[in-house]
Amino acid sequence: MTTQTSTRALLVALPLATALATGASARDLTIVGFGGGYQDTAREHLFQAYAAHAGIGVTDDVYNGEMARIYAMVEAGDVTWDIVMVEAPDMVRGCEDGVFAPIDWSVVNADKLIPSGVHDCGVGATGFGVTVFYDTERSPEGPKDMADFWDIEQFPGMRSMRTGPRMSLEAALMADGVAREDVYTVLATPEGVDRAFAKLDEIKDHIVWWTAGAQPLQFVGSGEVEYAMAYTGRILRAIDEENMPYNMLWNTLIYSIDFWTVVEGSPHTEEAMRMIDWITDADQLRNQAAVWPISPANIEVNSDPEVQAANPGMVLNHADTGLFIDTEFWIEYGDDLEARFAAWAAN
Amino acid sequence: MDRNSRLAVLLVAPLLLLMIVGFVLPLGTTAFKAVDNPEVTAALPRTTAALGQWSGDGLPDEAVYAAFVEDLLSPQDNRVFGGLVRRLNFEQTGMRSIISGARRAAEGLQAPYSESLPALNAVWGEPEVWQLLQTHSNPYTATYLLRAMDLRMAADGSIIPVDPQQAIFRELFLRTFIISLWVTVFAVLLGYPTAWFLSTLRGRAEGLALLCVLVPFWISILVRSTAWFIVLQREGPINAALLATGVIDTPQAIIFTRPAVYLAMVHVLLPFQILPLLAVMKRIRPDYVRAAASLGARPWQQFLLVYLPMTMPGVAAGAVMVLMLSVGFYITPVLVGGLRDQMVSYYIAYFTNTSINLGMAAALSLLLLILTGLLVVAAARVLPGLNLGARV
């Protein structure tokens, strides 16, 4: 009787234990990005398309660029994200710090990418940027450039900017009349940093800081703020799909490239390399470009006149009026400026 | 140990275990993290050993330089090196590129390294960088706790205030306690009459009124704070009502201001004031106040001399609870306040999630805990009728 019971218990327990054990090791490949319309379209045309192509399970998740989550994962040895989209300075620093795996360039084809999209630990994904935008119904005569965005006399009301020094200090110097090509030369000097913070002081009481990309759109939509700097993709979607009467100022563009990275210690490292290669291929990106104004680091798609004509919002095609974020500058001065920004914003 | 005392130990064992796992262990870890300093020793073991022999005057000798280059060249996990770089860069700006530059170039360096390293970057020919490495090869550091008080250690070991542009935490702690005190004052002022009114109700009315206090109490803080975000918007119901009644003629910015933080925090914490007060008031027999009246006390005397002193234990218990909870508030100020209305917990989260500096997060937590403890002890002395179980 006892033997029978324990045998039966074992029969029940064994498959359960196996299921639990395999369930733990065989989680789906997880790819993480900044969300929004980009990710909604990437989910269908890149992520799930790859899942079908390779016959594996792929899930995606959203974050706001909090590197600490990735550092904690790697340090704890419990890596639950495999592929993560990160901003360039974070990618380079994370590479130095050993939280991103080196890219296997024998799997990923580097020739298809723009030169700045190739890095030891990162594969160029898509250009991204922020510009000033506003509701033309509420402000028919809105600001025309960054200096106007700072002009609280002529354009009263609240502003919204992304929390943190990156892009805020550049915007401040642009508003202060520094030419685009000189922004980082000025910002690399202590006087330049003081100048940028002094300029931010001018509108400090008029800024609502955002952390998630959806917030500036909500703030302008609800009338909480009049003028905001937001990700171009989000603004374009509001204009194109929701028919919002927004105007965006391309001459305030501050942009860079986001990278695909593989988290060090991911159990899916090899699959991740194959997936990154596949989702940066022209065929897949064309499908996504048909429904979303991506600006991929893939040369063929990005320079295709047809894609360009269909997507006037591709940031890499606004290079002539935009400021390219200097990755090296932010690696060098990032920690220091983060600390100073935190102290400045709190007081 | 006889059988009885063994039984007694067994009986309290679950409680003891809970105390250790839920209280002593996390607190101990936090306190340890606030002074832990393993990064330099882990990444540069040979250099650390060699620097142990160095007096700290002038430049270290070739042995230290050679040990340093050997450490740079030894194949080790990038993560260990990343930890070193972040640690030193926190102490002194620019160390990231200095160390990373040396590591990249280490392969091509020729002995004697006391000449080739300074040739690569003049910094290596100055004592300061070696003093920095020596100081931080100590397994413990006061850096984080000092920084949490806007202080830092100068190269010669004296403690000096940080650069005013980096100073943030004294003001932050002060702000945290000022906001918490005001929230407590508002909670007492609003909670007292509410609790009194509740205590006078009987039957169905009492149950219904109590439900009105309890239902919000049961709803998650996140939900209530988000609701305030919606209510206080420029185009939200409060602005709409004020516009409609003609009190204001343009919508006012209420959200992301200090008053919004007070409003939402008081609302969230009010039940913690009302419930202990109600419990005390319920036990006070109306006869006392009637007796005072029959002896000729005027209404204000009945209240001030008879009723209020009897309810003080409830006021004190509620106030201490509200105060302690508000000191650690995070999500409500984040949702309805601006960057200048954030409290210490915001920066604990900032150092944990954004800046990846667990030492700072631990130091701030520890300091907040100590200051809150002191505040409660002080409150226990000042507030009459508050009995925290034992005399403190």
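I count two residues as in contact if their C-beta atoms, placed from the backbone, lie within 7 Å.

**Before starting.** I am looking at a predicted model, where local features need pLDDT of at least 70 and side-chain atom pairs count only at pLDDT 80 or more, while totals for chains, interfaces and linings use all residues. Residues are numbered from 1 along each chain as its sequence is written, and chains are lettered from A and ligands numbered from 1 in the order in which they are written.

**Entry: Leu269(B).** I looked up the partners of Leu269(B), leaving aside neighbours within four places in sequence, and found contacts with Val183(B), Ala187(B), Val322(B), Leu325(B) and Ser326(B).

**Entry: the cores.** Next I asked where Leu269(B) belongs. With Leu364(B), Leu269(B) has the most contacts inside the largest nonpolar core, which has 114 residues. For me a nonpolar core is a set of buried Ala, Val, Leu, Ile, Met, Phe, Trp, Tyr and Cys residues joined through C-beta atoms within 7 Å. Buried here means 20 or more other C-beta atoms within 10 Å of the residue's own, exposed means 12 or fewer, and partly exposed is in between, with C-beta atoms placed from the backbone. Helix 14 of chain B (residues 258-283) gives this core its largest share, 16 residues. Another core, of 49 residues, lies apart from it and includes Met91(A) and Met273(A).

**Entry: Val336(B).** I found Val336(B) in helix 17 of chain B, residues 331-336. Helices are DSSP runs of H or I with at least four residues, strands are runs of E with at least two, and both are numbered from the N terminus. Is Val336(B) buried or exposed? Val336(B) is buried, because 26 other C-beta atoms lie within 10 Å. Val261(B) is 75 residues away in sequence, yet its C-alpha is 6.0 Å from that of Val336(B).

**Entry: chain A.** I noted 15 helices and 10 strands in chain A. Its C-alpha atoms fill a box of roughly 90 × 50 × 40 Å along the principal axes. Of the 347 residues in chain A, 50% count as buried.

**Entry: where the chains touch.** I saw that 26 residues from chain A and 32 residues from chain B make up the contact. Helix 15 of chain A gives the most to chain A's side, with 10 residues. That side divides into 13 nonpolar, four polar and nine charged residues. Here Ala, Val, Leu, Ile, Met, Phe, Trp, Tyr, Cys and Pro count as nonpolar, Asp, Glu, Lys and Arg as charged, and the others, Gly among them, as polar.
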